[in-house]
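The following paragraphs lead the reader through one protein model. Please keep the sequence and the coordinates in view while reading.

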Amino acid sequence: MKTVYMDNNATTRVDPQVLDAMLPFFSERYGNPSSIHLFGGQISEALVRAREQVAALLGADPSEILFTSCGTESDNTAIRGTLRSYPEKHHIVTTRVEHPAVLTLCKELVREGYSVTELPVDRQGELDLDQLRESITPYTAIVSVMYANNETGVIFPVEEIAGVVHEKGAIFHCDAVQAVGKVPIDMQKSRIDLLSLSGHKLHASKGIGALYVRKGTRFRPFLIGGHQEHGRRGGTENVPAIIGLGRACELAAEHMGEENGRIRALRDRLERGLLEAVPHAYVNGHPDHRLPNTTNISFEYIEGEGILLLMSREGIAASSGSACTSGSLEPSHVLRAMGVPYTCAHGSIRFSLSRFNTEEEIDYVLEKLPPIIQRLREFSPYWNKKETFSAT
Ligand code: PLP
């Protein structure tokens, strides 16, 4: 069966060049980088190189890069580490549209006695910076705001946010898991203190992430154990995955400009084609302040799960809500925070593209999806009484 993968915000295919770079580190070069014998020595040199490659993509110094196991660990390390570094402060500011890696942690922190402010967003998924400024108090240790939203692709003005956060004397953590490798990021020009990324979102493998920690930022480890990562994270390094992340970052830097233009054009064609072919279809999120690879479209009056299932039968993979929450019929917390009417929120589908998508795949989706929507609507009680239910 023909397959079309448009769920790259959930995870990406490991680039064949990344896999090639990783493979020797499973077989010949299997030493522990902490060992002082020759098996260890050759690995620690490779780790130095990988750290430089990750740092180069971010315009950072290699000493500012800490390898972790995933984006979730990077987020937990940043937030918990900062709270432990500022024991006199007990307040966290974040937004209602963060990934569960931040939001669920914040709920746990509330149970532990911290207070959390979750900032709202408007209908296009954007933040009010005055509200952000007002929410930060002398007791705010950290503000954690994502770079780009995983469901809608909406990009927040993170540099302006960093300015506001510093003006008020707090630390700024940015979950850039969806942005790294998709948009240029230069930590030399940036004022972000801590920034999370995840390998499997940029064609490296699963099981590897990184946290950028700006020089001079107070830091306490999250995983406590051995002296790895200069005492900042215990645990033997996931060497093959780290080598892969380094190569993936190098490839992302090489391809960013050219790839982005092509992927954006594909995304725009898919979006335009679907909006033209399907009535009562709407794009969620700001039309311009968005990742070039993502579109989130609501097909009113039907369930996203039904659409996904029928698309999957045609070999097309996309997602409704975030991958972590699909399986429940609750509409996505992101769309609810944006005030998307429930007749639309239930039928929302996220298409997220990568460098491996082609024009031909866009044609295939444009051919297969509109009849699926039509078929599902024929069975929808809401569609048949849409005048009663319309909320748009
Ligand atoms: N933050 C964002 C914005 C994400 O999209 C994700 C994953 O979807 C994560 C954090 C968690 O990353 P990981 O799957 O590497 O733990």
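The side chain of Gln178 is in polar contact with the side chain of Lys182, at 2.7 Å. A polar contact is a pair of N or O atoms within 3.5 Å; within protein, one must be able to donate a hydrogen and the other to accept it, and residues adjacent in sequence count only if both atoms are side-chain atoms. The Gln178 side chain also reaches the backbone oxygen of Asn9, at 2.9 Å. Gln178 itself sits in the loop between β6 (171-175) and β7 (194-198), and with a relative accessible area of 5% it is buried. Here buried means under 20% relative accessible area, exposed over 50%, and partly exposed in between (1.4 Å probe, protein chains only). Helices (H or I, at least four residues) and strands (E, at least two) are DSSP runs, numbered from the N terminus.

The model is predicted: local features need pLDDT of at least 70, side-chain atom pairs count only at pLDDT 80 or more, and totals for chains, interfaces and linings use all residues. Residues are numbered from 1 along each chain as its sequence is written, and side-chain values use heavy atoms, with hydrogens and water left out.

Attention now turns to the strands. Strand β3 (residues 91-95) runs parallel to strand β4 (residues 115-119), and 5 bridges join them; two strands pair if DSSP finds at least two bridges between them. Within this pairing, Ile92 stands opposite Val116. Between β3 and β4 the chain passes through helix α4 (residues 100-111), in a right-handed β-α-β crossover. Right-handed means that, with the strands pointing away from the viewer, the path from the first strand over the helix to the second runs clockwise.

β3 is mostly covered, as 5 of its 5 residues are buried. In a regular strand the side chains alternate between the two faces of the sheet. In β3, His91, Val93 and Thr95 point one way while Ile92 and Thr94 point the other way, and all are buried.

How many residues of strand β12 (residues 348-352) are buried? The count is 5 of 5, so β12 is largely enclosed by the rest of the structure. Ser348, Arg350 and Ser352 lie on one side and Ile349 and Phe351 on the other, and both faces are covered. β12 runs antiparallel to β10, with 5 bridges between them, and Thr295 stands opposite Phe351. The loop between β10 (294-299) and α9 (304-313) holds Tyr301. This residue is not a glycine, yet its phi is positive, near 75 degrees. Tyr301 is buried, at a relative accessible area of 3%.

His230, in helix α7 (residues 228-231), likewise has a positive phi, of about 55 degrees, although it is not a glycine. With 72% relative accessibility, His230 counts as exposed.

A nonpolar patch on the surface is formed by Leu19, Leu23 and Phe26, which together have about 290 Å² of accessible area. Patches are made of residues with over 30% relative accessible area and no salt bridge; like charges are joined within 9 Å, and nonpolar side chains (Val, Leu, Ile, Met, Phe, Trp, Tyr) within 5 Å. Phe26 belongs to the loop between α1 (16-22) and α2 (38-58) and is exposed, at 53% relative accessibility.

Charged pairs complete the account. The whole structure contains 20 salt bridges, each a side-chain nitrogen of Lys or Arg within 4 Å of a carboxyl oxygen of Asp or Glu. One of them links Glu112 to Arg80, with the closest N and O atoms 2.8 Å apart. Glu112 lies in the loop between α4 and β4 and Arg80 in helix α3 (residues 71-85), so the pair ties together parts that are 32 residues apart in sequence. Glu112 is partly exposed at 41%, and Arg80 is partly exposed at 21%.

Another salt bridge joins the side chains of Arg269 and Asp363 (2.9 Å, N to O). Because Arg269 is in helix α8 (residues 239-277) and Asp363 in helix α12, this pair ties together parts 94 residues apart in sequence. Arg269, at 24% relative accessibility, counts as partly exposed, and Asp363, at 40%, also counts as partly exposed.

Terms used: Accessible areas come from the Shrake-Rupley method with a 1.4 Å probe; for residues, only the protein chains shown count as cover.
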